[in-house]
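Trainee: Could we go through this one together? I'd like to know what stands behind the labels.

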Amino acid sequence: MISILLCTLAVFYAVHAQQHSINDPIPIIRYESDGPNPDGSYKWLYETGNEINAEETGYVKNFGKGEGEEVQVAEGKFSYKAPDGSLIALSYIADENGFQPQGDHLPTPPPIPPAIQKALDYLKTLPPSAQDSSNSQGQYQQPAPFKPRGRF
């Protein structure tokens, strides 16, 4: 009887502790911010009580060269603990080439098999054919229009 009571109390305590921790505010341990500055640069970072860290710096590439030449660039990183306890860390750059993340947890394509790579390397050595140069713009050739047939 006492063991049932203790088990019930343990389950109640575990559920109550879990609900309580979900609703607790997470403290910001560190926060810094600089900018935005007149030259387009900025910097921020923060660290939270549940081990989330993030930082980013930004600047304008080709500042002062005029519209169309200037590019906003952002470089940063963040990390946090996954539900399984492993550390997830990601670094990135965002510029005229888009958002480019890097992290060990991100999926990567499988390696190209050696035979395929050898064929690709060989194809690069061949001169362009006449057929390739006639459609060098990479334009799609539309098929002839569809001609409906009569009913059976």
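Trainee: Let's start with a place: which helix is Tyr122 found in?

Mentor: Tyr122 is found in helix H2, residues 114–125. Helices here are DSSP runs of H or I with at least four residues, strands are runs of E with at least two, and both are numbered from the N terminus. Keep in mind that this is a predicted model, where local features need pLDDT of at least 70, side-chain atom pairs count only at pLDDT 80 or more, and totals for chains, interfaces and linings use all residues. Residues are numbered from 1 along each chain as its sequence is written, and side-chain values use heavy atoms, with hydrogens and water left out.

Trainee: Why is Tyr122 called exposed?

Mentor: Its relative accessible area is 52%. Buried means under 20%, exposed over 50% and partly exposed in between, with a 1.4 Å probe and protein chains only. Tyr122 has 52%, so it counts as exposed.

Trainee: And what makes the nonpolar surface patch with Tyr122?

Mentor: Ile112, Ile116, Leu120, Tyr122, Leu123 and Leu126 make it, with about 580 Å². Nonpolar side chains (Val, Leu, Ile, Met, Phe, Trp, Tyr) are joined within 5 Å, like charges within 9 Å. The areas come from the Shrake-Rupley method with a 1.4 Å probe, and for residues only the protein chains shown count as cover.

Trainee: Zooming out, what is the pattern along the sequence?

Mentor: It reads α-β-β-β-β-β-β-α-α, with three helices and six strands. Of the 152 residues, 12% are buried.

Trainee: How do you know that E3 and E4 pair?

Mentor: Two strands pair if DSSP finds at least two bridges between them. E3 (residues 53–61) and E4 (residues 71–81) have nine, in the antiparallel sense, so they pair. One of the bridges links Gly58 to Ala74 in E4. E4 also pairs with E5 (residues 87–95), again antiparallel, over eight bridges; there, Phe78 has Leu90 as its partner in E5. In the hairpin of E4 and E5, with five residues between the strands, Gly85 takes a positive phi near 95°.

Trainee: Which residue other than glycine has a positive phi near 70°?

Mentor: Glu51 does, and it is found in the loop between E2 and E3. With a relative accessible area of 46%, Glu51 is partly exposed.

Trainee: What joins Gly35 and Pro36?

Mentor: A cis peptide bond, with omega about 10°. Pro36 is in the loop between strand E1 (28–34) and strand E2 (42–48).

Trainee: How many aromatic pairs are there?

Mentor: Three. Among them, Trp44 and Tyr46 are 5.9 Å centre to centre, with 15° between the planes.

Trainee: What makes Phe78 and Tyr80 a stacked pair?

Mentor: Their values are 6.4 Å centre to centre and 10° between the planes, so they pair and count as stacked. Phe78 is partly exposed at 33% relative accessibility, and Tyr80 is partly exposed with 33% too.

Terms used: Patches are made of residues with over 30% relative accessible area and no salt bridge: like charges are joined within 9 Å, nonpolar side chains (Val, Leu, Ile, Met, Phe, Trp, Tyr) within 5 Å. A salt bridge is a side-chain nitrogen of Lys or Arg within 4 Å of a carboxyl oxygen of Asp or Glu. Rings of Phe, Tyr and Trp (its six-membered ring) pair if their centres lie within 6.5 Å; planes under 30 degrees apart count as stacked, over 60 as edge-to-face and the rest as tilted.
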